[in-house]
Amino acid sequence: MSKRLRPPSSGAPARGDPDRSQLGRHAPDGTNPEPAASGLDVPAPDAPGRSPVDSRVTLEPAAAFGLSLDPNAPVPDTYVLAPYAAHDATSRGRRYAEPRPPFRTEYQRDRDRIIHSNAFRRLIYKTQVFVNHEGDLYRTRITHSLEVAQIARSAAVALRLNEYLTEAIALAHDLGHTPFGHAGQDALNECMRPYGGFEHNLQSLRVVDELEERYAEFPGLNLTFECREGILKHCSVRNASDLGELGERFLQRRQPGLEAQIANLADEIAYNNHDVDDGIRAGMIEIRELMDVRLFRRQYDIVVAKYPDLGERRLVHETIRRMINYILTDLITTTQSNIDGAQPQSIDDVRLQPKPLAALSETGREEHTELMMFLRDRLYRHYKVVRMTTKARRVLLELFEAFFNDTNLLPTEYRTLATVAEKSRGLNGRARAVADYIAGMTDRFAIIEHRRLLDPAERT
Ligand code: MG
């Protein structure tokens, strides 16, 4: 990582104790004991020898931060975080207080914990749109998550946001996804309806807060509040009221930090564009159909005019990369102009805004939605995709029914969890343990497990 994030010297003042050993969110007065410092390379603002470059940081135009939206300006390899970005210094901390990492920022540690988790590795074999035995080149949840992270990081750097936090949120955003994409999520939600429902966003949070078992001193990954806030993109009001401070924003209609907002939009940008690519590769979408989609058509025409003899594979890829660039530029410039208008002084100012500051322009949003609608009609409802999702749905429904009706069919560890959960929370507890087991499965594991349970000829 060549880029180093520097904390600002102005903007939100650092609160609390200058002792760097504690980071926790449970300070009784609601303040955070974490001191002001972000990167190892930068002395804390009150330390001697502070870099004079910090004095440039005020709420001034982009150039004051060493970055410019001018496409001809060179991009520096180090930049100063904007005051409204997420800073270690103003983090609301972790659920369980931990000493500060000596060689990383708090958000780098979040990202690293996510990458080392089991749930992250399982994304390799979880579906995006195409079940991965259909072909090796299609996106899976892990390549999708990496593409989201890449797009989100580009925007974060351009907007002087915390790149590490943005990356962490992007990498974690689908950790709670069931096997078989949305078909799997809908099927599990259907099964769980009498027992509190199933939302994959909430499950992602459950994975990082409870289900990962990696650390001696706490359950889950013990991520920062800002990262958890970003992972929980949506949440029903009923569930929000059970989530304490993390649920508050859904009840009070507040926003998450800008890093979370950017990661959320990068998710849309990533899947819209890669689904065009995968759809064409699968032969389910044809280029001539895409001529009605403005985002595609505009870039396609430019590429064809400039490179009339280009072969189809390069033509498609050149068009899609330009589409991503176009919409990402729209996101960055629109968001910057919203920031300039609102003049937030801190991440809390960002949270108090009536709407998210990260947004596409009106035209960008309209064209982006047009592409989404196209994909919904032509790709997600293509008979081959529907056959696949129908099979997948059946597999999940049958797995749930079998395990829920007889927890003796569960592997010992999960059976124990189900028994303990049922003792304290009745059938809701049992159902949740079964849902956790199923949601954690990869596509191929679910298929194998289904066979083991229902095919008498299969080994158990
Ligand atoms: Mg996603």
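Is R160 buried or exposed, and how many other C-beta atoms lie within 10 Å? The legends below get to that; keep in mind that this is a predicted model.

View 1. R160 has 25 other C-beta atoms within 10 Å, and because the cut-off for buried is 20 or more, R160 counts as buried. You'll find R160 in the loop that links helix 3 (141–158) to helix 4 (163–172). Its backbone is worth a look too: phi is positive, about 60°, although R160 is not a glycine. Most residues other than glycine have a negative phi.

**View 2. N222, another non-glycine with a positive phi.** Here phi sits near 50°. N222 belongs to the loop between helix 6 (200–211) and helix 7 (225–231). With 21 other C-beta atoms within 10 Å, N222 is buried.

**View 3. The largest nonpolar core, with 76 residues.** Zoom in on A152, A155, I262 and A266, the residues with the most contacts inside this core. Helix 10, spanning residues 258–281, is the top contributor, giving the core 10 residues.

**View 4. I262 and the residues around it.** Leaving out residues up to four places away in sequence, I262 touches A152, A155 and A156, along with L161, T166 and A358. Two of these names, A152 and A155, also turn up with I262 among the residues with the most contacts in the largest core.

How values were computed: Residues numbered from 1 in each chain as written. Predicted model: local features only at pLDDT ≥ 70, side-chain atom pairs only at ≥ 80, totals over all residues. Core = buried A, V, L, I, M, F, W, Y, C linked by C-beta atoms within 7 Å. Buried ≥ 20, exposed ≤ 12 C-beta atoms within 10 Å, placed from the backbone. Helix = DSSP H or I, 4+ residues; strand = E, 2+ residues; numbered from the N terminus. Contact = placed C-beta atoms within 7 Å.
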